[in-house]
Amino acid sequence: MSVKQPPRLEVQNLTRAFEGRRVVDDVSFAIEAGQVACLLGPSGCGKSTTLRIVAGVDMQDAGRILVDGQLICDTQFRIPPERRAIGLMFQDFALFPHLPVAENVAFGLTGGWRANRTRVAELLDRVKMSPHLESYPHELSGGEQQRVALARALAPRPRVLLMDEPFSGLDERLRDGIRDETLALLKDEGTAVLLVTHEPHEAMRMADLILLMRDGRIVQQGAPYNLYNAPVDRQAAAFFSDVNVLTARVEGALTGTPFGQFLAPGVPDGSEVDIVIRPQHLKIDFDRAGQGPAPTAENGTAARARVVRARYLGRESLIEFATMEGGIGLNATVPGVFLPPPGTPMWLMLRRDRCFVFPRR
Ligand SMILES: Nc1ncnc2c1ncn2[C@@H]1O[C@H](COP(=O)(O)OP(=O)(O)OP(=O)(O)O)[C@@H](O)[C@H]1O
């Protein structure tokens, strides 16, 4: 019978306050070996503070951190940062300018580069930097320096790798390529990764597990699919794309809108709900002499709307509408080129399975 391994990194009830304000508030999560977890949230929500506590350069007020089931720090006991087998790759964690690439990569290894030629060569090969073994950092591009920094962080085979906005200094066009290469190497090394980012696109691309953080708390955690398709609240939905929001009042667990009725179970009568839908899930139909499509269970009632403006964005077109009843502004995106002139009457429907209904706060 196989015994279940403890998670590679486990953070339990971590709390940290500065001047009486909790910037990390009861944060808990677990990351398995080989898993990439992204701590995602807006600027100032406490991501970097969480990371610094795990790294051992800041101390929590409450909570525990375990690596492979072993306590590495609580409020009484603390293993120093250099003995945690935790690697770091921070955005401003520059390479040593006076050392060539090979020696930068070997920096954390006992015996330096000569004693670790095989490991250094293997990593530089993986990050496609073998021809630059003897180059100095100033001779490399930003993307190349980033690759060397990754090889350096992984060289000592850390059990956990912490990455704070590692790609933010790079040219936008380079980023996706480097993200993909980095991910492939991280997966091969099998380390557990905790990556801090404020970019949902980056988290969706890199993460096995997204930890969505707001005001010091983790408000939702799960696979990218779950966060995108089953957000816990309006802000969580809006973090991943633009959203349309319809506000409506609840009567008898139902709420009426120009698009028909929506179920709002558990919401008291008289209170308001937000109906949230992403622009790509708004269905558009043509106007046939003032007539639109018949209501369906899947799409509800169609509402007549007028085009306010349409713009071509490259991969898709964005069409802004205003409903004829109530003048509600709604945005729809469709793949390719679709640019109806302003004023064109059309019909809109909200796919019921794609709408999120949240009590209004
Ligand atoms: N040493 C400190 N003393 C006082 N306040 C601090 C300290 N470190 C962080 N803070 C505050 O704690 C909050 C969280 O900061 P933190 O750097 O963890 O956020 P973040 O989510 O990483 O943001 P960013 O993406 O901008 O780096 C911020 O309001 C910050 O000003």
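Predicted model: local features only at pLDDT ≥ 70, side-chain atom pairs only at ≥ 80, totals over all residues.

**Stop 1: the ligand**

Which residues surround the ligand? They are F18, V23, G41, S43, G44, C45, G46, K47, S48, T49 and H198. Now colour that shell by class. Seven of its residues are polar, three are nonpolar and one is charged. Next, highlight helix α1, residues 47-55. Helix α1 contributes the most to the shell, with three residues.

**Stop 2: helix α6**

Select residues 172-189, which make up helix α6.

Which residues of α6 are buried? Pick I178, T182 and L186. Keep the helical repeat in mind here. An α-helix has 3.6 residues a turn, so residues three or four places apart point the same way. Now display what covers the buried residues of α6: the cover includes β3 (36-40), α5 (142-154) and β8 (192-197). Then step just past the end of α6 to G190, where phi is positive, at about 70 degrees.

**Stop 3**

Select residues 209-214 for strand β9 and residues 217-222 for strand β10. The two strands pair in the antiparallel sense, over five bridges. β9 and β10 form a hairpin, with two residues between them.

Zoom in on D215, in the loop between β9 and β10. D215 is not a glycine, yet its phi is positive, at about 45 degrees.

**Stop 4: A85**

Jump to the loop between β5 (70-73) and β6 (86-90), and select A85. Here is another non-glycine residue with a positive phi: A85 sits at about 55 degrees. A85 has 15 C-beta neighbours inside 10 Å, so it counts as partly exposed.

**Stop 5: the five-stranded sheet**

Show the strands β15, β19, β16, β17 and β18. They make an open sheet in the order β15-β19-β16-β17-β18, with antiparallel pairing. Which strands are at the edges? β15 (282-286) and β18 (329-335) are, and each pairs on one side only. Turn the view to follow the twist, which averages 45 degrees from one strand to the next.

Strand β16 (residues 303-312) and strand β19 (residues 345-350) pair in the antiparallel sense over four bridges. Pick A305 and look across to M346 in β19, its bridge partner.

**Stop 6: E32**

Finish in the loop between β2 (21-31) and β3, where E32 is found. Select E32 and R8 together. They are 24 residues apart along the chain, but their C-alpha atoms are separated by 4.9 Å. What does E32 touch, leaving out residues up to four places away in sequence? The contacts are P7, R8 and A192. E32 is partly exposed, because 16 other C-beta atoms lie within 10 Å.

Conventions
Residues numbered from 1 in each chain as written. Near = placed C-beta within 6 Å. Nonpolar A, V, L, I, M, F, W, Y, C, P; charged D, E, K, R; others polar. Expected span 1.5 Å × (residues − 1). Buried ≥ 20, exposed ≤ 12 C-beta atoms within 10 Å, placed from the backbone. Contact = placed C-beta atoms within 7 Å. Pairing = 2+ DSSP bridges. Axes fitted to C-alpha atoms, helices over the stretch in contact; angles between N-to-C directions.
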